[in-house]
Amino acid sequence: MHDLLFTNLDGTLFRASLHADDDVPLEYINGKPRSFVSKRIWDFFTADHLKIDQALDGRPRTYIIPITSRDLNQYCRLLMDPLANRGAGARFRMTHALIANGAILLNYSSGITVDIEWYTQSMGLANPYAVALQKIYQAVNRTYDDTVACSTCVYPFFLSIQLRSKHPDHTAALQEFLKEQAALYEIHYCDCRSKVYLIPPPFTKKMAIRRYIQRFPDNHQKLIAAGNSCIDFSMQSEVDQFIKVDSSIYAEPFHDVLCQVFPDSWKEWQQKE
């Protein structure tokens, strides 16, 4: 038996901008680094934790399961191999990842593969909402140019709209339209500051965890989740412990998670530095 840590990525495990000269880039776009994790946290993940594990003999290990709104292409941009294959193999185990808000399950047991049974089920869950999402997507693109909003349809699972305009009238009108459409089609509206998500009920992160536990009912002792925005907060109802990360305050957002989930390991690791 072991613990499961479902963690959001952007703003929780790592941050979008460089904070320190020794930050480690996790993602490159057009050859330029985009997402970063602090060197201290990177070293914690990639170090040899066998001695720490021995000191914590009898305590359950923790499997880390990313749960993200990123689609498959966006997720694959991340340099996650060290989490899956190096030090994570000692202190962490990373066997799965939940992509596109849980619409896609990745299996790390032999390489990285898409779980076809899970994906087929997701397509069935998406069918009742696919036409509505497509209509909203087309309406936004038809009404607002890319100086106001940039729409991304992770078809057929959910819709994300990046709010670009600094003119409050433009964004207010768009947000009101999206709220109306969400209510009309019984879709969740999540306002995450500069981005709005329209998410059908089957693809909230809460439902992703619920589906995962139903699929793998006997492989956990304690459920933990961590996140930093409204799209993450639905996970609270499905876990034993939820850690709200305030990425606007913490220079190292995941530091708060490590302090609470692995207080002994994290304390010992910092003393070694």
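User: What are the ground rules here?
Analyst: The model is predicted: local features need pLDDT of at least 70, and side-chain atom pairs count only at pLDDT 80 or more, while totals for chains, interfaces and linings use all residues. Residues are numbered from 1 along each chain as its sequence is written, and side-chain values use heavy atoms, without hydrogens and water.

User: OK, how many salt bridges?
Analyst: Seven. A salt bridge here is a side-chain nitrogen of Lys or Arg within 4 Å of a carboxyl oxygen of Asp or Glu.

User: Which residues are linked in a network?
Analyst: Salt bridges link Asp10, Glu27, Arg70 and Arg77.

User: What's the distance between arginine 70 and aspartate 10?
Analyst: Their salt bridge is 2.8 Å, N to O. Arginine 70 sits in the loop between strand S4 (62-66) and helix H3 (72-76), and aspartate 10 in the loop between strand S1 (3-7) and S2, so the pair ties together parts 60 residues apart in sequence. Helices (H or I, at least four residues) and strands (E, at least two) are DSSP runs, numbered from the N terminus.

User: Is arginine 70 buried or exposed?
Analyst: Buried, at 8% relative accessibility. Aspartate 10 is partly exposed, at 34%. Buried means under 20% relative accessible area, exposed over 50%, partly exposed in between (1.4 Å probe, protein chains only).

User: And what does glutamate 27 pair with?
Analyst: Arginine 77, again by a salt bridge, 2.8 Å from N to O. Glutamate 27 is buried at 0%; arginine 77 is partly exposed at 33%.

User: Last one: which residues form the nonpolar patch on the surface?
Analyst: Val114, Ile116 and Tyr119, with about 250 Å² of accessible area together. Patch residues have over 30% relative accessible area and no salt bridge; like charges are joined within 9 Å, nonpolar side chains (Val, Leu, Ile, Met, Phe, Trp, Tyr) within 5 Å. Areas come from the Shrake-Rupley method with a 1.4 Å probe; for residues, only the protein chains shown count as cover. Valine 114 is in strand S8 (residues 113-114).
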